[in-house]
Amino acid sequence: MKKTQGAIAVFIGAASFGILSTFVKKAYEQGYNLGEVTGIQALLGASILWLLWFIWLAFGKKSTTSLQKPKSPAWKILLSGVSTGAVSILYYKCVQLVPASLAIVLLMQYIWIGQLIEFIFFKARPDLKQILVIVLILLGTLFATGMIEEPLSSFSYEGLIYGLLAATAYSIFMIVNGRVGNDYSAVHKSAIMITGACALIFITLQPFTLFNLEILNGILPYGILLALFGTVIPPFLFAYGLPKTGYSLGSVLSAVELPVAVCMSYLVLQESVSFLKWVGVFFILGVIIWKNLVKSNA
């Protein structure tokens, strides 16, 4: 029963990430820019997480373990939040330049980019199965992005570059997140990380127009949705569900982000998704599932 509850939590958390690009596209359609969209998400996300953390401190049940002061310095977690902010900036810029269904496929390239980073910096040499997974994902990407059907000139090269940079930043986030601040609670760690992301966004993009009441009132509904589904709900659900499902099953369930994002772009944004693109999407999804099932059986 607990494993089933955990699986549902992880599934919903991953699906929450999958619908973000649709909300971002809708915000762009209303005339809001990259700085305003990323800024409102980070600002509201950090505010909600800190509020939840202070509520937990005031009213939550505290075990002996939770009362122990974390040994990791908070500044390291704050600095690691820069990678989270970079993902938002680069991915949402990609969404601005290419269809949302293409942007999510580009973001999913973090699977092999992360292994490349680990090989270069941590000397973690991929085995034959991992290399096969990389080749298969790249093959599926050719179909899912439409590169098989359409000439390269029809793509925004700038959008493709931003998408791959977003995948690189997401890979760095995954690597750093697993190594920093594990002695903090999920809420406390998330609050510090999103604060770091918020600082990066406000320093680089300077979305100070958000403090204009007219703009703030207009973008607030999008900001609430992006903050909840991007920075608040998924960390909670993953923190609850992953210990119950285990890493392998959790990774399989997390892959639902890809088809959810493509379905939302097709149904809500009315983007064209051809049969071959669907084949590519579900091929990549199948490779991810196979990769994690093989790992769990090894």
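## A walk through the helices and the core

At 44% relative accessibility, Phe 282 counts as partly exposed, because the partly exposed class lies between the buried limit of under 20% and the exposed limit of over 50%. The model in view is a predicted one. Phe 282 sits in helix 14, which covers residues 275-297. Its C-alpha atom is separated by 8.6 Å from that of Ala 144. Along the chain, Phe 282 and Ala 144 are 138 residues apart.

Turn next to helix 8, residues 128-144. Thr 141 has its place in this helix. Its relative accessibility is 10%, so Thr 141 counts as buried. What does Thr 141 touch, once its neighbours within four places in sequence are left aside? The contacts are Val 105, Gln 109 and Ile 284. Of these, Val 105 is one of the buried residues of helix 6.

Helix 8 also meets helix 7, residues 110-122. Their axes come within 9 Å and cross at roughly 140°. Angles over 145 degrees would count as roughly antiparallel. Helix 7 and helix 8 are therefore oblique to each other. Their crossing is left-handed. On the helix 7 side, the contact is made by Ile 111, Trp 112 and Gln 115. Helix 8 contributes Gln 130, Ile 134, Ile 137 and Leu 138. Sorted by class, this contact holds 5 nonpolar and 2 polar residues, with no charged ones.

Now helix 6, residues 100-107. How many of its residues are buried? The count is 8 of 8, and the helix is mostly covered. The buried residues run from Ala 100, Ser 101, Leu 102 and Ala 103 to Ile 104, Val 105, Leu 106 and Leu 107.

One partner of helix 6 is helix 9, residues 157-177. The two pack at an angle of about 40°, with their axes 8 Å apart. Helix 6 and helix 9 are therefore oblique to each other. Helix 6 passes helix 9 in a right-handed crossing. Three leucines of helix 6 take part: Leu 102, Leu 106 and Leu 107. In helix 9 they meet Gly 159, Leu 160, Gly 163, Leu 164, Ala 166, Ala 167 and Tyr 170. This contact divides into 8 nonpolar and 2 polar residues, and again no charged ones.

The largest nonpolar core has 68 residues. Which residues have the most contacts inside it? They are Val 37, Tyr 91, Tyr 92, Ile 104 and Leu 258. Helix 5, residues 74-97, gives this core its largest share, 8 residues. A second, separate core has 5 residues, including Ala 46, Leu 49, Ala 191 and Val 232.

Tyr 91 links several of these places. Neighbours within four places in sequence aside, Tyr 91 is in contact with Ser 21, Ala 103, Ile 104, Leu 107 and Ala 166. Among them, Ala 103, Ile 104 and Leu 107 are buried residues of helix 6.

The last stop is Thr 84, in helix 5. Is Thr 84 buried or exposed? At 17% relative accessibility, Thr 84 counts as buried, because the limit is under 20%. Thr 84 touches Phe 173, Met 193, Ile 194 and Ala 197, not counting residues up to four places away in sequence.

Terms used: Residues are numbered from 1 along each chain as its sequence is written. This is a predicted model: local features need pLDDT of at least 70, side-chain atom pairs count only at pLDDT 80 or more; totals for chains, interfaces and linings use all residues. Side-chain values use heavy atoms; hydrogens and water are left out. A nonpolar core is a set of buried Ala, Val, Leu, Ile, Met, Phe, Trp, Tyr and Cys residues joined through side-chain atoms within 4.5 Å. Buried means under 20% relative accessible area, exposed over 50%, partly exposed in between (1.4 Å probe, protein chains only). Helices (H or I, at least four residues) and strands (E, at least two) are DSSP runs, numbered from the N terminus. Contact means heavy atoms within 4.5 Å. Axes are lines fitted to C-alpha atoms, for helices over the stretch in contact, and angles run from 0 to 180 degrees between N-to-C directions. Angles under 35 degrees count as roughly parallel, over 145 as roughly antiparallel, 65 to 115 as roughly perpendicular and the rest as oblique. A crossing is left-handed if the near helix is turned anticlockwise from the far one by less than a right angle, and right-handed if clockwise. Ala, Val, Leu, Ile, Met, Phe, Trp, Tyr, Cys and Pro count as nonpolar, Asp, Glu, Lys and Arg as charged, and the others, Gly among them, as polar.
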